[in-house]
Amino acid sequence: MAYAEQLCADRGLSFTPLRREVYALICAHGAPLGAYELLDQLKQSRDNAAPVTVYRALEFLVAAGLVHRVAALNAFTACHGHEPGHGGLLLVCKNCSNVFELEDRGIERSISRSAADLAFTTSTDPVEVKGLCQDCQSTAEAS
Ligand SMILES: [Zn+2]
Ligand SMILES: [Zn+2]
């Protein structure tokens, strides 16, 4: 949270109480959260929270690089890379929907380079790789 505050201060972004609250909810939740789950949780402290409130806060957090949108799950997860403007490389477990962020700028750069060979500019959306996390592998073996 201190990091997020610093990042917003450094970049002149206003980290409003609402944005702070949405970010805290995402951080507190281990697995990625969907916008409507977030809305439900937010309503516990803010009766008047509407979907648009949540979407605007999420838009801000994604743009600030604090949160990644996980397209495969249509959900949001806190960024662990702490590197502003990075796309991120997310491992998505097909079984439990948990997401792990890989800290490997080399892969991102190599994708961009190969894409550039085709005169293709990559977006900063995270790259998502699907598979099975460690916990789910051991459950699969046990059964
Ligand atoms: Zn990240
Ligand atoms: Zn799993």
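Two residues are in contact if their C-beta atoms, placed from the backbone, lie within 7 Å. This is a predicted model, in which local features need pLDDT of at least 70 and side-chain atom pairs count only at pLDDT 80 or more, while totals for chains, interfaces and linings use all residues. Residues are numbered from 1 along each chain as its sequence is written.

**Exercise 1.** Determine which residues Val 67 touches, and follow one of them, Tyr 23.

*Solution.* Leaving aside residues up to four places away in sequence, Val 67 touches Tyr 23, Ile 26, Leu 58, Leu 61, Val 62, Phe 76, Thr 77, Ala 78 and Cys 79. Tyr 23 lies in helix 2, helices being DSSP runs of H or I with at least four residues and strands runs of E with at least two. The C-alpha atoms of Tyr 23 and Val 67 are separated by 7.8 Å, although the two are 44 residues apart along the chain. Tyr 23 counts as buried because it has 24 C-beta neighbours inside 10 Å, the cut-off being 20 or more other C-beta atoms within 10 Å.

**Exercise 2.** Describe how helix 2 packs against helix 3.

*Solution.* The axes of helix 2 (residues 17-28) and helix 3 (residues 35-43), which are lines fitted to C-alpha atoms over the stretch in contact, come within 11 Å and cross at roughly 115°. Helix 2 is therefore roughly perpendicular to helix 3, a term covering angles of 65 to 115 degrees. At the contact, Glu 21, Val 22 and Leu 25 of helix 2 meet Leu 38, Gln 41 and Leu 42 of helix 3.

Conventions:
Chains are lettered from A and ligands numbered from 1 in the order in which they are written. Axes are lines fitted to C-alpha atoms, for helices over the stretch in contact, and angles run from 0 to 180 degrees between N-to-C directions. Angles under 35 degrees count as roughly parallel, over 145 as roughly antiparallel, 65 to 115 as roughly perpendicular and the rest as oblique. A residue is buried if 20 or more other C-beta atoms lie within 10 Å of its own, exposed if 12 or fewer, and partly exposed in between; C-beta atoms are placed from the backbone.
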